[in-house]
Amino acid sequence: MKRIILMVLKNIFFVPYWYFQLCYYAKYSQRIPKEKKHALLKKIVACANKEGNVIIEAYGVENIPKDQSFMYFPNHQGLYDVLALLDSSPFFFSVVMKKELKDIFMLKKVFQIMGAYPIDREDVRQSMKVIQKVSQEVEAGKNFLIFPEGTRSKKGNEIGDFKGGSFKSATKAKCAIVPVAILDSYKVFDTNSVEQVTVQVHYLEPLYYEDYKIMKTTEIAELVHDKIQMTIKKFEKNR
């Protein structure tokens, strides 16, 4: 909470302007090119990072597919995760987020600009509709992000189990699956500190449809989980 306040106070003169822009982009999202939407969000996140003492280190950006749609599957540490990927990803993407976030001030506008889908994991029918819509949009060329843990781990860099159902949209769309390992993102908003923090975002080698077409979604989930866990352990050990 302290860091959020710091980000707002140090950017206090820009916040009304940004909010106006977010509202405009959210209202006319369908008309605005994704490159312009991406540029706006990256600019806002970069300014927030600078004044909030947050440094993003991105690795493996070259692994992200350039000639086809894809889905990011990162581990989930907290509210800052999506912002870390917005800052480091060279490509615009949307997100499937839990329904509780859809009405949070400013974040609501960000999610509208991204074309995000809120999901109620306790409502099976609604969840299946979201999976279907996401797969259709990915087939049409849109990129998406889903947190396969379903909720943040609350254990720092220790990750939880990945749910096979999270990968159904990707398998239906036959798209590239990009595992993403996030380190120390929880320190940004989920600790009561404003000390400088460095967040690492590792884009791992993607799984293409030919790589996973004969696998069950639970097997894909386990494979992606292990790749991310291995990366986190490797870089934690070297620090």
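**Exercise 1.** By class, how many nonpolar, polar and charged residues does the lining of the largest pocket have?

*Solution.* The model is predicted, so local features need pLDDT of at least 70 and side-chain atom pairs pLDDT 80 or more, while totals for chains, interfaces and linings use all residues. Residues are numbered from 1 along each chain as its sequence is written, and side-chain values use heavy atoms, without hydrogens and water.

Step 1: A pocket is an open set of points on a 1 Å grid over the protein atoms alone, where a 1.4 Å probe fits, with protein on both sides within 12 Å along at least five of seven lines; lining residues have an atom within 4 Å of a point.

Step 2: The lining of the largest pocket comprises 22 residues. By class, 20 are nonpolar, two are polar and none is charged.

**Exercise 2.** State which helix gives the largest share of this lining.

*Solution.* Helices are DSSP runs (H or I, at least four residues). Helix 3 provides the largest share, with five residues. Helix 3 spans residues 34-51.

**Exercise 3.** Describe the second largest pocket by volume and lining.

*Solution.* Step 1: Its volume, the space filled by probe spheres set on the points, is about 340 Å³.

Step 1: The lining has 21 residues, and H76, L79, K98, L101 and F147 are the closest to the centre.

Step 2: By class, this second lining has 14 nonpolar, four polar and three charged residues.

Technical notes:
Helices (H or I, at least four residues) and strands (E, at least two) are DSSP runs, numbered from the N terminus. Ala, Val, Leu, Ile, Met, Phe, Trp, Tyr, Cys and Pro count as nonpolar, Asp, Glu, Lys and Arg as charged, and the others, Gly among them, as polar.
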